[in-house]
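Visitor: Hello! Could you walk me through this model and tell me how you know what you say about it?

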Amino acid sequence: TVIGQLVGNKGIVRYGVGTDNIDIEAATDAGIIVGNVPDYCIDEVSTHAIALLLACVRSVCGTHVRMTDGDWDVRRPVPVYQVAGKVLGLVGLGQIGSEVARKMAPWGLRMLACDPFVEESHALSLGVQLVDLETLCRQSDYISLHVPLLPETHHLIGTAQLGLVKQGCILVNTARGPVLDTEALLAALDDERLACAALDVFEEE
C-alpha cells in the first residue's frame, strides 16, 4: 500500500470531513497519526445538497436537456413539485445536515431527521423532529443523506428502506456513495417508487 511506502511519515491529514478513504488500521500499525478537517465545506456541501434537491423538484435538468434538443412543447406533462408544505427527511443531523435544516427552515417545509447521536434539543432548535429511519422513509417527500461511511451506515438506504418511501419521493445523496445501495436505487427508479435521485457521490468512483 501507499502507507507502507511512507518512510518517516508522522501524520496523514484528510482534506475533508471523513476518513473512510484512509486505511486507519494500516496507518496505526505504521505509527502514523490520521487527522481530518471536521468543518470542511459545511456551507458549500449543504448548499449543494439544496441545489440538487431544487433541481429535481423543479425538473431543471430534464427541461434543460429537452430545450437543448430543440423540444419546445409547453403541453408536455413535466413533473414539477412544490417545496412549501412538503416533508424533508434528513438522514444524519451533523454539521452539514444541520446547516441544510437552517437554510431550509424558511421554505415552509416540515423537517424530520434520523440521527441516534443528536440531542432532541438540538433538533428542536432547528425546527426538526427526530424520528427513526422507518418513520422518516414513510413520511418524507424529499430525503437528503448526510451520514459518514461506517460499517453501520454501509447500504443504510437499501431495498427495505426504499420500499417504504412515498410514491414519487426524491432522494439526494451528497454524503458517501456506499451509504446508498445502487441496485436498490435503480430498482426504485425503474418502478417509479422514486421520482428521481440526485447523486454527488457513487459506490464506485
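Visitor: What gives the most to the lining of the largest pocket?

Guide: That is α4, with 3 residues. The chain has 8 helices and 8 strands. Please keep in mind that this is a predicted model, where local features need pLDDT of at least 70, side-chain atom pairs count only at pLDDT 80 or more, and totals for chains, interfaces and linings use all residues. Residues are numbered from 1 along each chain as its sequence is written, and side-chain values use heavy atoms, leaving out hydrogens and water.

Visitor: What makes a space a pocket?

Guide: On a 1 Å grid over the protein atoms alone, a pocket is an open set of points where a 1.4 Å probe fits, with protein on both sides within 12 Å along at least five of seven lines; lining residues have an atom within 4 Å of a point. The largest pocket holds about 990 Å³. Its lining has 41 residues, and His146, Val147, Pro148, Leu149 and Ala175 are the closest to its centre.

Visitor: How many residues are in the largest nonpolar core?

Guide: There are 24, and Leu88, Leu93, Met104 and Val128 have the most contacts inside this core. Such a core is a set of buried Ala, Val, Leu, Ile, Met, Phe, Trp, Tyr and Cys residues joined through side-chain atoms within 4.5 Å. α2 gives the most to this core, with 6 residues. Leu88 touches Leu53, Val100 and Met104, among others; a contact means heavy atoms within 4.5 Å.

Visitor: Why is His155 called partly exposed?

Guide: Buried means under 20% relative accessible area, exposed over 50%, and partly exposed in between (1.4 Å probe, protein chains only). His155 has 29% relative accessibility, so this residue counts as partly exposed. His155 sits in the loop between β6 and α7, and its phi is near 55°, a positive value in a residue other than glycine.

Visitor: Why does Glu192 count as exposed?

Guide: Its relative accessibility is 56%, so Glu192 counts as exposed. Glu192 lies in the loop between α8 and β8, with a positive phi of about 65° although it is not a glycine. Most residues other than glycine have a negative phi.

Visitor: What percentage of the residues of the chain count as buried?

Guide: Of the 205 residues, 38% count as buried.

Notes: Grid points are joined across faces, edges and corners, and a volume is the space filled by probe spheres set on the points. Helices (H or I, at least four residues) and strands (E, at least two) are DSSP runs, numbered from the N terminus. Lists of a residue's contacts leave out its neighbours within four places in sequence.
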